[in-house]
Amino acid sequence: MSKLQYQLFVSVANTLNFSRTAEKFFISQPAVTHHIKMLENSLGVKLFNRTSKKIALTNEGSEFLPYANHALDVITNGEARIRNITQGKLGHIRIAALSTTTQQLTACLDVLYEKYPSIQADVDLLEGKELISSLQKGTYDFYFLIADMVSQAEHYESIPIFTDSLELFVNKSIVKSIDMTDWTTIARHPFVSVARTDTWLTNRIRTICRNRGIVPNIINYYNRPEAAIISVNTGVGIAILPGELKNLFLRPNIVALPIHGEDAKVNYSFWGRTESRSNSVALFKEIVASMFSKED
């Protein structure tokens, strides 16, 4: 199975159109059909149901699609890594982070590239569930996340980096109707929230509301906090989100109101591998430790 076969399969799966795929890859439609047939023969399954009017993924094709996407990501990353090595990027580290830690992460990367320009850093911004899962699997060398998300992780050690607070994000048009000392004025408004799979944040939101005697009427859930902020900006609802997001994604029609109390505090930490054959890993850990020990 070749990279081209995977690319053609993913393209046809997304467009359900052999002609568009042929145009995209500058090959003939029979060539696309031939490569898909070769892939099907290699796998021993049929990936598409084809009639004169319609193309659809088979059950096997639907199951195979995420694996094909993953395989292409791995190949692409591998090719990029080899190109970087030929250009002098000899060191390599992988970092996963919450979007709310990007300011701290950026500060660390600025120092890294100033001191060690030959080290390549790959960064992925993940949400809570993805971050915890990848930490448990040991996918990345480093993680920037909320401290309470994980108590311990094999082969990793943590460093506290900063403290934030959850805040109430509301549309400017309703600010005057809200009294932060009387949460019944907040309960009158519909809420929007991050996805239920982000269990840390959704549990904390429920706790904050319960401690103040209300049950939030959550009318919509979004896969990323940025989407919730856009929803608040358009007046769909209000949201409880990390205050750091107002520095990253604040829109013109939003006001972020502070929530007082220990239950609104958010502590962030850095997790790094305790053992690695890579000198680059040790160097980045030293940078983070030196930067955030100054905050103590």
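## Around aspartate 141

Set aside the neighbours within four places in sequence, and aspartate 141 is in contact with His92, Ile93, Arg94, Tyr156, Trp271, Gly272, Arg273 and Val281. This is a predicted model, by the way. Aspartate 141 sits in the loop between H6 and strand E5 (142–146). Is aspartate 141 buried or exposed? Its relative accessibility is 13%, so aspartate 141 counts as buried, the cut-off being under 20%.

Two of those contact partners also show up in polar pairings. A polar atom of the aspartate 141 side chain lies 2.8 Å from the backbone nitrogen of arginine 94. With arginine 273, the pairing is side chain to side chain: a polar contact of 3.0 Å.

## The largest pocket

Arginine 94 turns up again here. The largest pocket has a volume of about 330 Å³, and 13 residues line it. Nearest its centre you'll find His70, Arg94, Asp124, Thr139 and Tyr140.

Which helices each supply at least two residues of the lining of this pocket? They are helix H4 (59–86) and helix H6 (128–137). Sorted by class, the pocket lining comes out as five charged, five polar and three nonpolar residues.

## The cavity

Searching the whole structure for cavities of 30 Å³ or more turns up one. The volume of the largest cavity is about 130 Å³. It has 14 lining residues, and those closest to the centre are Leu98, Glu127, Asp198, Leu201 and Pro242.

As for class, the lining of the largest cavity has ten nonpolar residues, along with two polar and two charged ones.

Now over to H2, which covers residues 18–25. Its buried residues are Phe18, Thr21 and Ala22. They span an arc of only 100 degrees around the axis, and therefore lie on the same side of H2.

What do the buried residues of H2 pack against? Their partners are helix H1 (3–15), helix H3 (29–43), strand E1 (48–50) and strand E2 (55–57).

## The ends of H2

Both ends of this helix are worth a look. At the start of H2, asparagine 17 has a side-chain oxygen that comes to within 2.9 Å of the backbone nitrogen of serine 19. Just after H2 comes phenylalanine 26, with a positive phi of about 55 degrees.

Definitions and conventions. Residues are numbered from 1 along each chain as its sequence is written. This is a predicted model: local features need pLDDT of at least 70, side-chain atom pairs count only at pLDDT 80 or more; totals for chains, interfaces and linings use all residues. Side-chain values use heavy atoms; hydrogens and water are left out. On a 1 Å grid over the protein atoms alone, a cavity is a set of points where a 1.4 Å probe fits but cannot get out, and a pocket is an open set with protein on both sides within 12 Å along at least five of seven lines; lining residues have an atom within 4 Å of a point. Grid points are joined across faces, edges and corners, and a volume is the space filled by probe spheres set on the points. Ala, Val, Leu, Ile, Met, Phe, Trp, Tyr, Cys and Pro count as nonpolar, Asp, Glu, Lys and Arg as charged, and the others, Gly among them, as polar. Helices (H or I, at least four residues) and strands (E, at least two) are DSSP runs, numbered from the N terminus. Buried means under 20% relative accessible area, exposed over 50%, partly exposed in between (1.4 Å probe, protein chains only). A polar contact is a pair of N or O atoms within 3.5 Å; within protein, one must be able to donate a hydrogen and the other to accept it, and residues adjacent in sequence count only if both atoms are side-chain atoms. Contact means heavy atoms within 4.5 Å. The arc is that of the directions from the helix axis to the C-beta atoms.
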